[in-house]
Amino acid sequence: MKEEHKEGVQGHEGGAHGHGEKYKFGMVIDLDKCTGCGSCMVACMTENNVPYKKNETNKLDSITWMRVFKATNGKPYPDTDICYFPRPCMHCEGEHGHAPCVSVCPATATDYNYETGIVSQIYTRCFGCRYCMAACPYHARYFNWWDPVWPDDTKESLSPDVSPRMRGVVEKCSFCFHRFQGARDKAYAEGRREITENEYQTACTQACPAGAIVFGDLNNPEHKVHELKQSPHAFRLLERLGTNPKVYYHSTRSWVRRAGDNYLTNERSK
Amino acid sequence: MSLGRRGFLQFCLGAGAGITFSPLPWKLMDDSAIWTQNWPWTPVPPGGEVSIEKTACTLCPGGCGITVRKVKDRAIKIEGMKGHPINDGGVCLLGMSALYKLYGGARIKGPLKRAGKRGEGKWEQIPWNAAIAEISKELNQKRQDGLSHTVASMTGTDRGTVSQLFKRLLAAYGSPNVFTAPSLQDSERLALKLMQGDYASAGYDLENARYVVSFGASIIDGWGSPVRAFRAHTRWAEKAAEGAKLVQVEACLSNTAAKADTWLTIKPGTEAALALGLAHVIIKEKSYNKAFIRDYCLGFEDWQDSGGTVHKGFKQSVLKEYSPDAVSRITGVPADRISVIAREFAQAKGALAVWGRGKGTRPMAVHDIMAIHALNALVANINKPGGVTVLPDVTTVPWPSLVQDDIAKSGTKQPRVDRAGTDAFPLSESLFDQLPKLIKGGTGEYPLSVLLVHGANPYYTEHDRTAVAEALDRIPFIVSFSSRMDETANHADLILPNHTSLERYEDVPTPISSSLPVMSLSRPVVSPQCDTRHVGDSLIAIAKSLDGSVAESFPWDDYESLLKATLGDKWSVLEKEGYWKDEGYTPADWSQAFRNASGKFEFLATTLLAGAKSAKDCLPQYSRAKLKGEEFMYPLILIPCESMRLADGPVANSPLMTKTVADTVLKNDDLCVEVNPKTAIAHGLTDERMALLSTPKGKAKVKIHLFDGIQPGVVAIPTGLGHTAYDDYLKGKGVNSNDLIGMIEDEASGLDIAWGSRASLKSI
Amino acid sequence: MLPFVFEWHWDLGHVVFHGGLWYALSILGIGMTYVSVKTYFDVKRGGH
Amino acid sequence: MDSALIPKGLKRCPFPQFALWIGAWSFIMLWAAIAAVIAWAYGLNTTNLNDYFGFGAWITADLAIIALGAGAFFTGFMRYVLGIDEFKNILNYAVIIGFICYSSALAILALDIGQPLRGWFIFWHANVHSMLTEVAFCISCYFTVLAIEYIPIILENRQLDKVPTLHAFSHNLHHIMAVFAATGAFLSFFHQGSLGGVAGVLFGRPFAFRVHASIWPTTFFLFIFSAIACGPCFTILVTRLTEAITRKKLVARNVILKLATVSGWLLVGYLSVKMLDTLYWAAVTLPKMGVNFFDMYPQAPFNLWILIAELGICGAIPAAILITKKTRENEFLLILAAILNCTGICINRYVMTVQALALPVMPFDKFYNYVPNWIEWITSLAPFAFMAILLSLSYRYLPIFPQEKELNP
Amino acid sequence: MSAQDERTKTAGSSAVLLICFLVGLGASLLVGWVIFPALLYSEKEQPIDFSHVVHVDAVGDCEGCHYFRDDGSFSGIPDLSNCAECHEEAQGEDPEELKMIQEYIEPGKEIPWMVYSRQPDCVFFSHAAHVKMGEIECKACHGMIGESEHTDTYEYNILTGYSRNIWGKNISGLTSNTWESMKMGDCGNCHDEHGENNACFVCHK
């Protein structure tokens, strides 16, 4: 029996124990193009069965895997400027996969997948200690304070690809990992191991009406993100903390780039 | 210790040991954890075969192509259609909300007849044939009484087969009173009629424009066809290195202003003056397109009337009245900046002046639009790449000719109740905003007896909403075709619920502001979830149940066959691709472009000459609409501000959209208004505290949000909230800005041109 | 977690952590067993 | 009524009075139990915790209680490992206090997690790299040790002691108690440390993050240090309070003073190390993250005063009092110092939990504050009621103070 | 009392005590190993008695009914339309066949099969990866179900709702064949053995 299995997996290039670095999925978000419309948030919430309550104005208990933050340059009228920061989970790599949240989870409910570079969150494993939320400086992790409730027949519009979460667990953006699973299934069915850039795109990327979000394999020179992340105007949020995030931002405005990280008063930003 | 006790102790010890070495405790611990992982009250979405259906979005006039992802029979996700000429894969948050409208709250599950008082929310469920009988009884009665002209309809738009069906029903029945919901289009159509000779909406070649001056149009806050506008903005951002530029003229730092390369802060309502100031510089520096002006324009130079009097043309009038200094005084824009922008505009390739306030639903005066459009004429950016065009309608198969019996003929000959097209307002087409005044004051020719409402929500969307509601409440019989319980449906006497956008066929004509003729097809992607009926089918059924010759104008079996017949050979393309576009379309040559009597672009609107008090009134000009209220009582200016995250039209927000709204806009049920910190100091306001916002039209408790990006002295109020209908996810949240802003009538057209209101804010 | 569970990895972290843990648990276990056994024999011998 | 249970030769109050006293505290326990049931049944939305403050009153209470309970292991450590014999006179009490603190901490942890029925995942699916895992294992193990240490004390009850098996068991347990105490000390050092590690490893939170010395952040050592510096003071406080309530002398003054001296010098040691750590953090760690020291203390209640309160008023002052013979021997100052010392450690645990989360890290993020609601308050304060009840029961029925007879002739 | 009596009494009482202990032990073992599993699991019969043997003979292989869709997803248990392809009209006189036609095919009602191998919602299992890429035989996980002539009684855990086949019929959790249980450990161990990725998101959603 087992011999048969072995034959079946010959030629697999995943590397020993699945630790081969095959893909490194990431995003480049162009803040000059982002209009702050919020479509990415809604696309994400519909794609991932994120519930809603009657009152969602307390943003401290409102689950938005993708959240669009608004930054201002702090200058008075008429020199004021604003910029929107769409913030998914950054899928931090930290040092060798030690993302801030991954190393702290006591029950291994979140891990760093070395094959894709994606930080998972397993709701059925999580027991809701919220240590990962304390660890994440991006507030990308959300707790299910309530049982999810879908009114009327709206349960009908839930996607079977993403498991609805129960109360008492933490959830966050998964880079629409189920889409990767789906794309790979299709590839397998067609006898391929690799998937193409188009086959796996996150819901926010796909929805963004401004085309501000680009998603792909940061390691693959053929993917758009590979080039975009190297722009002199590209930066990451709170890079100095050593979180090593996989979401890059791009802006030609220097104050926006400076707003992406902390700097001492007279320190020069990148 | 007694033996019994010790025995019992031993028994317990044994039991403990036995249980420990049995699966019971361990399996129970494991299974109770697994139970929490599968709580029966956490839904498990069933799986199944996935399919993708192509359709078009009908929730706004944007006309995007969308695809719906389905699992078996359930629609689970809406995405943008790749390759669609309007949105090419992008989709907005309103478009994605169609799922909520399909499955969500406030759906009307079948025909309803009012049981309680109006607006009380008590309904009686009735079968469809009874509902049709109810309305045909009412309409037949009016025909018999010779009052067919007192029946009116109101639709959200006048484009597409459904609104044409309403028009046809009223014409066959015998009433001239066909209303469309007021919007910027009313003035725009009129302005283009005056200057170019066509009642038409402007199409902008945004993608190829390279220097766009937007006079208050919130291009990336939901204006026109929102996704297309976003994509155009992205093009500009990509071409920034090549000099592509957006100049936003606005009093507050909207998202558009923030994304613009230049934010030109201006006193609200003075955009036309700035446009004429720019024209002044361009004319003075002779940097306009001389050949175009000479060969294809009328009224630029001074002219002599038949009586021999010499009148100023556009050139002299602008040179005289709109010097940068004078304009600077009106608008608050520094004179040197006016000159700089004017020079850049004149020199740029693809320089485009865009008008419209907010999403393009808020009104603008005809003369304002003429002033701004004059800039496009100066640089001759009309019917050229990167310019403005007037699109022809997509051709469809004409319907069989209308049959009108005597009642219908005499009914339609009656003057419209809003006086549009009469001597009072000869050029206007539909003046819904006149109704409150006319019905309430009794100055109308006659009272309306029946109102059919489709795709519009006048009880919510109109300025001076209270007066509108009062006026509409006087109409004895209101029929709503809404599929959800909106404010108007809530006040109706009879509801014939339409399918939602994902359950029905509908043609989607060329979207507003498009520069390419496109038609899309909205299709039923799921079977009807409730006992609803396509509004087209309802209309056909009503027509067939009416006396006289009405039924003869409706030879179709149902809406679907009507649509197929109307779309003709385009049907197969639309069925396959979801959209049809006129690939080879090129705008008409200048010699063919202008369909005035003169055949030229008219700076001087000759159509107006006959009725005008002075010839000057026929030129583009700035006249600031006078706001009601005294400055000492209402020292501040209130302007509505729009956002993609809040739908303020007849289609309301879904809960997920409302979820994206910042807590600086809505906090609990309180609406926040934006105020400059300087204003706050001057008026004793504190951030995040409540204040009473008063205007001549009403009062509301609002929360103060201090924001540097708004002009001192101006208060910005978000639109799209303050609903009194729908479900608990929307009802009672915030304030309806339309309650606070009154109507201001444009003398020439009778249209509402209110861009704001005087207001005061007091801390409470 | 025990070494035969697939989530177990033979790395330094697991060895040190579980080493310390089982060391402490063993002391507690052995200690308590010792006390129980000794008590049993004490009582049997002493018979009081 | 219950005189058969009361240790021979000791005087205790009449039973009705005792029952009333226990009843009063039970009322608070009942109240807390109701709060706990509400939180478990309806979920954590019944608290004021939120996504920005995932940790709040409960974690603060946990950290504080465990620091205060450090008297147990440290007194045991001094008695059994260092062989300081006087401490046997207070050790029983210290152990019971520790037992109460640790059991309360476990109960609060069970409340704080979103899925209590899955709480055991922390053991079965342990992530050995997580400080919280270390905490959970060490706390549970050490709680076992405390239970083992508590057993012989219980078995000394007059009636239980009559049973030969139990008597022998107790005797044998006493015999090897040093082994358990040493193991307990080992475990306790680790989990006091790992509790510090919980905050110190958060490299996304500049306020909490500390550089690592070997595999642990400096907070690991600081938490151990601060716990052993304040634990004895808490034992003193509770003992003195018991004496005041029972109107009896229970522990000889020299024992208390010795404990105070130890506590004082440990506090001095702790403060010096903490100062060094804070300086290094302010001068090196923070600037590397692009953060100013003063940005860490932006507004009330998290302005510089909280630092001054923690290290100055509740640090340096009690340390000075405790190490000076003259002030230490002044009863009022001794109690004041003990209170300040315990308060200082509670502030430390509070800032490392709540302030660490309150300060926005993203420059465009907003500062929010957090105030616990009644459910969190009552359950966080319930340990005091639990302590009152269990200490009263132990005091009444068990001979916990070896010196009681000789001090109250 | 004499010493002899004393001893007898002690011995007698020891025996009684031992019996008490053993009774406790036996009773609890019985509860734990026999009564508890009986209470924990409940039984249901499949709506129709189905013979895999007959169908495999007629169709040829598993994939005839349990096929892959174009997008690589696995169809699982066929739905009514698949059945109706052959069973539009009754094939033979079997009462179960007639029941199927009358109760399901004619009214167009899906047959509510209960799936022995149903995994919880949090599990993502790719048949494509295992069957297409991994070339693992169906029976490696599903056992001899393809050779069944009648449907087994469906047993499910009343607490978790899981099919008993997930944990395995043996309450101890011990198995001797790969298809006897379908717990996470089974997946994880197999992945480990074959050097496949064991990251959480490989199998969870």
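This is a predicted model: local features need pLDDT of at least 70, side-chain atom pairs count only at pLDDT 80 or more; totals for chains, interfaces and linings use all residues.
**Charges over rings**

I opened with chain D, where Arg12(D) lies over the face of Tyr395(D), at 3.7 Å from the ring centre.

**Aromatic pairs**

Next I looked up how many aromatic pairs there are over all chains. The count comes to 81. I picked two of these to look at more closely.

I began with Phe177(A) and Phe201(E), whose ring centres are 4.8 Å apart. Their planes meet at 20 degrees, and under 30 degrees counts as stacked, so I noted this pair as stacked. The pair crosses between chains: Phe177(A) belongs to helix 5 (residues 177-189) of chain A, and Phe201(E) to helix 9 (residues 200-203) of chain E. Buried or exposed, I wondered about Phe177(A)? Phe177(A) counts as buried, because its relative accessibility is 2%. Phe201(E) is buried too, with a relative accessible area of 4%.

My other pick was Phe53(D) with Tyr370(D), a stacked pair with 5.4 Å centre to centre and 20 degrees between the planes. I checked where the partners sit, and the pair links distant parts of the chain, 317 residues apart. Phe53(D) is in the loop between helix 1 (15-42) and helix 2 (57-68) of chain D, while Tyr370(D) is in the loop between helix 13 (331-358) and helix 14 (374-397). For cover, I wrote down 0% relative accessible area for Phe53(D), which is therefore buried, and 6% for Tyr370(D), which also counts as buried.

**A nonpolar patch on chain D**

Which residues make the nonpolar patch of about 590 Å²? I listed Phe294(D), Leu304(D), Trp305(D), Ile308(D), Ile313(D) and Ile317(D). I followed up on Ile308(D), which lies in helix 11 (residues 304-323) of chain D. Ile308(D) counts as partly exposed, because its relative accessibility is 40% and that class runs between 20% and 50%.

**Chains side by side**

Last, I asked which of the nine pairs of touching chains has the most contacts. That turned out to be chains A and B. Chains B and C, by contrast, do not touch, and I noted 12 Å between their nearest C-alpha atoms.

Notes
Residues are numbered from 1 along each chain as its sequence is written. Chains are lettered from A and ligands numbered from 1 in the order in which they are written. Side-chain values use heavy atoms; hydrogens and water are left out. Contact means heavy atoms within 4.5 Å. Patches are made of residues with over 30% relative accessible area and no salt bridge: like charges are joined within 9 Å, nonpolar side chains (Val, Leu, Ile, Met, Phe, Trp, Tyr) within 5 Å. Accessible areas come from the Shrake-Rupley method with a 1.4 Å probe; for residues, only the protein chains shown count as cover. A salt bridge is a side-chain nitrogen of Lys or Arg within 4 Å of a carboxyl oxygen of Asp or Glu. Helices (H or I, at least four residues) and strands (E, at least two) are DSSP runs, numbered from the N terminus. Buried means under 20% relative accessible area, exposed over 50%, partly exposed in between (1.4 Å probe, protein chains only). Rings of Phe, Tyr and Trp (its six-membered ring) pair if their centres lie within 6.5 Å; planes under 30 degrees apart count as stacked, over 60 as edge-to-face and the rest as tilted. A charge sits over a ring if NZ of Lys or CZ of Arg is within 6 Å of the ring centre and within 35 degrees of the ring normal.
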